[in-house]
Protein chains: 2
Amino acid sequence: MTDRSVSSDVKALVFDVFGTVVDWRSSLIADFTAWGAKRGIDGDWEGLVDAWRGAYVPSMDEVRRNPARGYLALDTLHRRALDKLVVDFRISGLSEDDLRYMTLGWHRLAPWPDSVSGLTRLKSKYVIGTLSNGNVALLTNMAKHAGLPWDLILSAELFEHYKPDRETYLGAAHLLGLEPDRVMMVAAHNNDLQAAQELGLKTAFVARPAEYGPHQKRDFKAEGNWDIVAGDFNDLAAKLGV
Amino acid sequence: MTDRSVSSDVKALVFDVFGTVVDWRSSLIADFTAWGAKRGIDGDWEGLVDAWRGAYVPSMDEVRRNPARGYLALDTLHRRALDKLVVDFRISGLSEDDLRYMTLGWHRLAPWPDSVSGLTRLKSKYVIGTLSNGNVALLTNMAKHAGLPWDLILSAELFEHYKPDRETYLGAAHLLGLEPDRVMMVAAHNNDLQAAQELGLKTAFVARPAEYGPHQKRDFKAEGNWDIVAGDFNDLAAKLGV
């Protein structure tokens, strides 16, 4: 059923991307497994991908704690973490081009099955954009690769702050020329929605229980009073009256 | 004929928007004429639109000369200029909503006849984005209104510098993750291309001799050594091998 009060006031939807729109884990494991076989490089790709994502939050926390060092874009954080992980995982024989190829794997992620059709429906009524910790080039290249029909790319990089810093949510509303309550944050992560809601944005939760594969520990269901809880992006479109 | 050396190196095309992609003058005159008749408000809309655009460069120059006052987005500059012009043109009876409607006229501009088809072709091979002095909300709303299929919205607002300041061209290349010579600036204005070329970007000129109506004084033809000179966006696509 359409929630008319929400659907008529909201003008723009901004989306978390990693996990919410694209399946980073399966994409990277499949990519590196095929590429490693072709390149003759052996590795525990599944373990490496999980450890790589494990380094994500700590690496952003370090940027947050050290503002004087300047903002580092996610491509840079990914590469620094990878340089350590290939040692930890004893993967040898990697050239500079190989490390670059792997880092750019985050630009080549595949969407969940409902992402493109759901976004295309939502775009007919709303401004749709990313609001991701991925840098602009990463999100732009991913959209070309995956066919994601964004109206605009909004990124932590534009605000030099990573989510859940308030500058990201409020900065997105400001660039869109909208009051925060005209913007809806869509995410598969309760903590992202909580930060957005505290700043006055509307919220929609879409569960992605396979995001972390067998290691998923949270976000199986909505844990806050979100404006919309949807099964997938097509269900979100239906609930927004599209 | 395709220029193979340029077309294979360039990865992204960034477009000037006012005059290059959209026909601001005819759009605004038609919009205000129809709206004024309906609202019962009389005015020299053609004169007002020309004077409004005349205030554009001086208003950005003022921002440039006074960095301590902070960056002002183009919507704000448009509104400030309009507040003066309605007095100069003795247009009376305008409410706050009317002034807002008129200012947002810049969000409702129509494309040149070749813009949407040409951009759609170019998008199949290149990342295509705006690189305009318009603010992000203006460019995003215009794209929805006019059906412009941008991959991303790049704006002076993101760099808090107006073109032709170097921060805009180099900032666009940086956000795209590309060296400047992998980015092509597309514009109907020779001065925009000159600034881009001096910073290492590739350049494409598309003449829009009707931009200023009977008052056009310059930019009838290419006046620099641009990488490509095209008749319209479909010709540009053909010359880039799309």
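Because the model is predicted, local features require pLDDT of at least 70 and side-chain atom pairs count only at pLDDT 80 or more, while totals for chains, interfaces and linings use all residues. Residues are numbered from 1 along each chain as its sequence is written, and chains are lettered from A and ligands numbered from 1 in the order in which they are written.

Chain A is divided into two parts. Domain 1 comprises 4-23 + 110-239, and domain 2 comprises 25-107. These bounds come from an automatic or database domain assignment. The C-alpha centres of domain 1 and domain 2 of chain A are 24 Å apart. Across the boundary, 18 residues of domain 1 of chain A are in contact with 13 residues of domain 2 of chain A. Two residues are in contact if their C-beta atoms, placed from the backbone, lie within 7 Å. On the side of domain 1 of chain A that touches domain 2 of chain A, the largest share comes from helix α8 (residues 136-146) of chain A, with 4 residues. Helices (H or I, at least four residues) and strands (E, at least two) are DSSP runs, numbered from the N terminus. This side of domain 1 of chain A divides into 6 nonpolar, 7 polar and 5 charged residues. Ala, Val, Leu, Ile, Met, Phe, Trp, Tyr, Cys and Pro count as nonpolar; Asp, Glu, Lys and Arg count as charged; the others, Gly among them, count as polar.

Chain A also holds an open sheet of 6 strands, in the order β3-β2-β1-β4-β5-β6, with parallel pairing. Strands pair if DSSP finds at least two bridges between them. At the edges stand β3 (152-155) and β6 (228-230) of chain A, each of which pairs on one side only. Neighbouring strands of the sheet are turned by 25 degrees against each other on average, direction ignored. Within the sheet, β4 (residues 183-187) and β5 (residues 202-206) of chain A run parallel and are joined by 4 bridges. In this pair, A:Val186 stands opposite A:Ala204 of β5(A). Helix α8(A) packs on the sheet and touches β2 (127-132) and β3 of chain A. The direction of α8(A) makes about 145 degrees with that of β3(A). Axes are lines fitted to C-alpha atoms, for helices over the stretch in contact, and angles run from 0 to 180 degrees between N-to-C directions.

In chain B, strand β5 (residues 202-206) is largely enclosed by the rest of the structure, because 5 of its 5 residues are buried. A residue is buried if 20 or more other C-beta atoms lie within 10 Å of its own, exposed if 12 or fewer, and partly exposed in between, with C-beta atoms placed from the backbone. Both faces of β5(B) are covered. B:Lys202, B:Ala204 and B:Val206 are buried on one side, and B:Thr203 and B:Phe205 are buried on the other. Strand β4 (residues 183-187) of chain B runs parallel to β5(B), and 4 bridges join the two. B:Met185 stands opposite B:Thr203 in β5(B).

Chain B superposes on chain A by a rotation of 180 degrees with 0.0 Å of shift along the axis (RMSD 0.0 Å). That is the relation of a two-fold axis. In chain B, the C-alpha nearest the axis belongs to B:Leu152, 2.4 Å from it. The superposition is by least squares on the C-alpha atoms of residues with pLDDT of at least 70 in both copies.

At the chain interface, 13 residues of chain B are in contact with 13 residues of chain A. Elements giving two or more residues to the chain B side are α8 (136-146), β3 (152-155) and α10 of chain B. α8(B) gives the most, with 5 residues. The chain B side divides into 9 nonpolar, 2 polar and 2 charged residues. The copies meet through the same surface, because 100% of the interface residues of chain B are also interface residues in chain A.

Some backbone details lie in loops. A cis peptide bond joins A:Lys163 and A:Pro164, with omega about 5 degrees. A:Pro164 is in the loop between α9 (156-159) and α10 (166-176) of chain A. In chain B, the bond from B:Lys163 to B:Pro164 is cis, with omega near 10 degrees. B:Glu160 lies in the loop between α9 and α10 of chain B. Phi of B:Glu160 is positive, near 55 degrees, and B:Glu160 is partly exposed, with 16 C-beta neighbours inside 10 Å. A:Arg90, in the loop between α5 (74-88) and α6 (96-103) of chain A, has phi near 50 degrees. A:Arg90 is exposed, with 9 other C-beta atoms within 10 Å.
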